[in-house]
Amino acid sequence: MAERFDSTQRYLATDDLKTAVNAGVTLERPILVKGEPGTGKTQLAYEVADSLGKPIIEWHIKSTTKAQQGLYEYDAVARLRDSQLGDDKVHDISNYIMKGKLWEAFTAEEQPVLLIDEIDKADIEFPNDLLLELDQMAFFVYETQETVKAEHRPIVIITSNNEKELPDAFLRRCFFHYIQFPDEDTMAQIVEMHYPGLKKTLLNEALTAFYKVREVPGLKKKPSTSELLDWIKLLLAEDIPPEALRTEDQRKAIPPLYGALLKNEQDVHLFEQLVFLDRRNRR
Amino acid sequence: MSSWCSWTGATAADVLLKFFFMLREAGLKASLTELLTLHESMKQGLAAESVDTFYYLSRSCLVKDEAHFDRFDRVFSAHFQGIEQALAGLGSEALPEDWLRRLAELHLSEEERQKIEAMGGFDELMKALAERLKEQEKRHQGGSKMIGTAGTSPFGAYGYNPEGVRIGQGESRHRRAVKVWDRRDFRNLDDTVQLGTRNIKIALRKLRRFAREGAADQLDLPDTISSTARNGGLLDIRMVPERHNAIKVLLCLDVGGSMDDHVRICEELFSAARSEFKHLEYFYFHNFVYEGFWKDNRRRHAERIGLYEVIHKYGPDYKLVFVGDATMSPYEISYPGGSIEHWNEEAGAVWIQRLLAHYPKAVWLNPEPQKRWAYTPSVQMVQELMEDRMFPLSLRGLDDAIKSLR
């Protein structure tokens with residue numbers, strides 16, 4: 001077997017994740033990644049590319065994205081304009097075919113990693129429209145009557161936030177991985193990777209405070225790994241001593257710079273309320 | 001690594017096939033394509049490292065929804081348990097049948113091994129296991145036939161029978177810690193219910209029509225053309241609403257007590273709603289609404305969600321749907337302290353009015369037949385509180401309820 005995906009300097013890959021990715025890479029099938037926002041789904045694609053030393057092609061999906069845009073688009077308006085101006089280009093239709101990300105990935109010189117980010121944002125039919133293309137790694141261009149076929153089947157990584165259910169036929173063709181929220185040990189390793197040599201005390205206090213915030217009931221958006229990393233960066237930048245995070249002693253349960261963890265006014269409000277109640281109860 | 005190639009040999013493939021059908025029996029919709037993918041990846045040596053890798057690989061191949069992970073874990077545990085013990089002395093060269101054979105050598109005396117042979121060997125053992133699992137409905141402890149704990153049957157945990165196949169044991173008594181599939185990490189994600197009746201499909205269609213309302217912001221080309229033609233060639237643009245599912249629903253379900261008779265229909269409604277609405281939140285209550293709901297029925301006392309919290313988190317654009325038989329003592333509605341489960345400071349009627357003030361669109365679905373409503377005073381009271389927006393949980397009632405929610 002050729003290359004194998006493994007943890008990199010910045011990304012901790014768990015065993016189940018490695019297995020799924022390596023299966024997808026070896027069998028040249030798409031890998032579907034789900035998980036809470038902020039657990040590193042998109043990051044995974046960059047790290048796979050980095051770890052295997054391959055170029056990455058990103059296709060970020062929006063609610064208006066159509067499957068065809070990933071293949072190619074025919075710019076009829078430009079051709080019409082050119083025909084009015086008497087441009088010579090107009091006779092060759094291929095001048096007006098805009099290549100999409102899939103085309104780019106199929107014709108790349110070496111095997112690339114193709115990231116299809118947040119596929120669930122698109123229309124419910126979107127995955128179905130790409131079934132054949134991802135299966136065969138080929139498609140037909142009607143305007144020029146040519147078939148674009150992948151020379152090296154790209155490593156396809158698809159992320160989803162579970163906003164829409166994906167069709168069964170699509171799922172059958174993928175390897176599936178669900179990124180679980182890391183437990184404290186794994187989280188400590190992840191933080192260590194990003195901020196090597198972080199003081200043990202600060203790390204412990206930060207993690208305790210972080211998991212406490214996550215446990216607050218009724219939050220609209222629970223803070224996740226990426227928020228924790230941002231927060232620690234801020235803590236370091238502001239040079240906050242670990243003692244300041246130890247909430248019990250201080251009767252001041254709001255961790256400093258909590259804005260990095262809570263991204264929603266109502267959540268902050270709710271949190272403050274709870275802290276207030278908590279403090280009142282202690283008296 | 002190369003030994004995995006022989007997975008395609010008859011017996012090893014059989015083990016996988018049996019596993020595959022057990023998964024399907026457990027309600028996982030694994031398909032032939034996925035099974036073949038699994039075979040192919042094992043041929044490539046992807047699962048050669050350890051049983052854990054095999055577990056991850058098969059999960060990644062066969063299950064495509066984290067809500068089904070827990071069920072997969074249970075089937076995996078039932079099917080492959082005992083393997084890791086046998087594997088300890090074998091290393092990565094192990095084949096499944098070798099695992100099983102090794103298991104026998106490790107634990108059985110010559111005499112016992114012959115007994116097993118007499119039973120028809122290990123294939124029979126696995127078959128018998130599957131049958132017993134089916135036969136057995138309740139949790140079982142002791143005895144000599146059923147699967148459970150501390151028995152002398154060949155199957156189950158903590159048994160005395162040396163060849164016992166370990167099932168769902170939190171921790172092995174003699175050996176290593178919990179296997180990953182025994183940890184049941186994904187238990188809370190399993191929210192499935194059986195469905196598939198015609199009833200739900202019809203209900204679904206009703207819900208769907210109602211979910212496709214919205215602002216007309218898309219060009220309707222055929223209508224524009226025909227309307228322009230009829231307009232004598234002057235452009236007459238026609239718009240249609242975009243097909244989208246922007247409806248948000250809060251589903252509050254009465255559980256326990258008199259609702260036990262209606263569990264099935266509630267499950268059906270729940271699963272239909274769940275597949276139809278992107279924004280669906282559900283809560284449970286008992287008999288009537290008080291200061292708190294809960295989301296996990298097993299931990300109803302430990303993890304309450306305050307009503308104010310619900311109001312704070314879900315805006316008035318949510319449609320509020322109660323499902324309950326509204327059959328109780330009138331005190332449970334109108335008096336403080338009337339709840340049968342706890343002391344409520346404020347009457348249920350006060351709490352439901354708070355909810356109704358926040359959510360203008362609300363209905364109460366009642367699984368009791370409508371003709372019986374008149375005989376129960378509490379139903380009348382709830383009907384009044386809901387301002388006549390209580391509907392029977394029938395197709396017709398659902399239709400009316402949806403009309404009122406619009």
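How many residues of chain B are in contact with residues of chain A? In this predicted model, 25 residues of chain B are in contact with 25 residues of chain A; two residues are in contact if their C-beta atoms, placed from the backbone, lie within 7 Å.

Here is how to read the numbering and the model. Residues are numbered from 1 along each chain as its sequence is written, while chains are lettered from A and ligands numbered from 1 in the order in which they are written. Because the model is predicted, local features need pLDDT of at least 70 and side-chain atom pairs count only at pLDDT 80 or more, whereas totals for chains, interfaces and linings use all residues.

**Where the chains meet**
- On the side of chain B that touches chain A, helix 2 (32–43), helix 3 (51–62) and helix 12 (307–313) of chain B each give two or more residues.
- Helix 3 of chain B gives the largest share, 6 residues.
- This side of chain B has 7 nonpolar, 9 polar and 9 charged residues (Ala, Val, Leu, Ile, Met, Phe, Trp, Tyr, Cys and Pro count as nonpolar, Asp, Glu, Lys and Arg as charged, and the others, Gly among them, as polar).

**Chain B**
- Chain B has 16 helices and 11 strands (DSSP runs numbered from the N terminus: H or I of at least four residues for helices, E of at least two for strands).
- Of its 406 residues, 32% are buried, with 20 or more other C-beta atoms within 10 Å of their own C-beta atom, placed from the backbone.
- Among contacts in chain B with a separation of 6 or more, 60% are between residues 24 or more positions apart.

**Chain A**
- Chain A holds 13 helices and 9 strands.
- Of the 283 residues of chain A, 32% are buried.
- In chain A, 76% of the contacts between residues at least 6 apart in sequence join residues at least 24 apart.

Technical notes
A residue is buried if 20 or more other C-beta atoms lie within 10 Å of its own, exposed if 12 or fewer, and partly exposed in between; C-beta atoms are placed from the backbone.
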